[in-house]
Amino acid sequence: MTNLQDDQDDQDAQDTPAPQHAPEAPDTPPPGCPAHAARLYGPDFRRRPDETYQRIRQDSGPVAPVLLEGDIDAWFVLGYRETRQVLSDTETFGRDPRRWNGWDSVPPDWPLMPWVAYSPMMTFTEGEEHQRRATAASEALATVDPFVLRGHCERLADQLIDKFAGSGRADLVYDYIYSVPTLATAELFGLSQDEAGLEALATGLTVSFLSNEEAIAGQQRVAAYVTELVRAKRADPGPDLTSRFILNTPDLTEEQHTADVMVLMAAALPLTSYWIGNTLRLMLTDERFAMTLSGNRRSIGEAMNEVLWADSPLQNLIGRYAIRDTDLGGRHIHAGDLVVLGLAAANADPQLWPDTPVGHAGNHSHVAFSGGDYGCPAGGPETARIIAETAIEVLLDRVPDLTLAVAPDELRWVDSFWYRCLESLPVTFSPAPVTAG
């Protein structure tokens, strides 16, 4: 899920002017033509997606025909201007996947199916129905106290670090990066603190976004878990996001409540974890940040923002479906065509960054969390930022001499079309004392 930045669009327009593209590329054969369509899957794409995006842009311009897993045809939007256009034009680009004219070629076990096939999620609704449910989610998120959340995350972070602080080594992905957001999500959504249950939820959400045969089963496990949560909160509401959303939408069915809470969790958990992981990787491998690891608070914020621009946790979104024939980036899009939003590729649009050395500091006009009517509900970005920033700050306070235990090019990436995240992040450090608590 997995969307965001609805509340930043006005500021975004001020931060960065719309890029002026070179003359539009001529129309080409439809997506899927072997001579034109690049593949957005496979080991090369997983290892260096940025190079794939750059090659597609050079060959095909800001909108390109591509092949998804299983050689499924789609249009891929790489241009920043074009991405913003699709995000804002709900009259031309709809969200309901039942419009897709390519379903006949999609096998039932397609790995991307879990978050593409139609279900009663708010992300697949349109018009007034979508606005109503998105507003209810924003109102629930508005009740989160940022100071209480930060304090809670600090305690969680300290408890987790205590488990490995004395050893002088850890795999941060397994020992920390997933755990802080998982435990914070449990508190926010009113989940049981049962460790096995939370691990099953986190694993299921993670697996559901993988590009393999486990994705569908992973989402089904999450749905079963969340169904039980929703059922309990409908019967006995509490002071948590799940209950507040349910109370804000009394007309929704149990199935709709389950689907919407799954969407909110999918944004809160995987995305926040990967934001932490990609930021720590940057700070451990880039000397601009590595030299400030011991105490420079500002460097953490700069690293987090740079990751959203240059190594976005959320890479691609499926997507939008053309409601009518239209032109986009010099391409003719037919009604029913699938349009994939290349969020990471749009952030790297050279038309947006003609002077590369300028950098990203202070610029928040990225589309790393999508935007427009289907952006993350208001309050979502700030909640994720608090969790991620607190986790990084506490870790660097406790073990300031973190060192990557392998060469940077030995790090391996999870096979996911949606997300950019590490399989592991092994580190060494000077053993640190356990906190008094």
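In the hairpin of β2 and β3, three residues lie between the strands, and Gly70 takes a positive phi near 85°. This is a predicted model, in which local features need pLDDT of at least 70, side-chain atom pairs count only at pLDDT 80 or more, and totals for chains, interfaces and linings use all residues. Residues are numbered from 1 along each chain as its sequence is written, and side-chain values use heavy atoms, with hydrogens and water left out.

Strands (E, at least two residues) and helices (H or I, at least four) are DSSP runs, numbered from the N terminus. Two strands pair if DSSP finds at least two bridges between them.

| β2 (residues 63-68) | antiparallel | six | Leu67 and Asp73 |

How much of β3 is buried? Five of its six residues are. Buried means under 20% relative accessible area, exposed over 50%, and partly exposed in between (1.4 Å probe, protein chains only).

Next comes the core. A nonpolar core is a set of buried Ala, Val, Leu, Ile, Met, Phe, Trp, Tyr and Cys residues joined through side-chain atoms within 4.5 Å. The largest one has 135 residues. Leu68, Trp110, Leu172, Tyr176, Ile318 and Leu425 touch the most other members. Helix α17 (residues 380-398) gives the largest share, nine residues.
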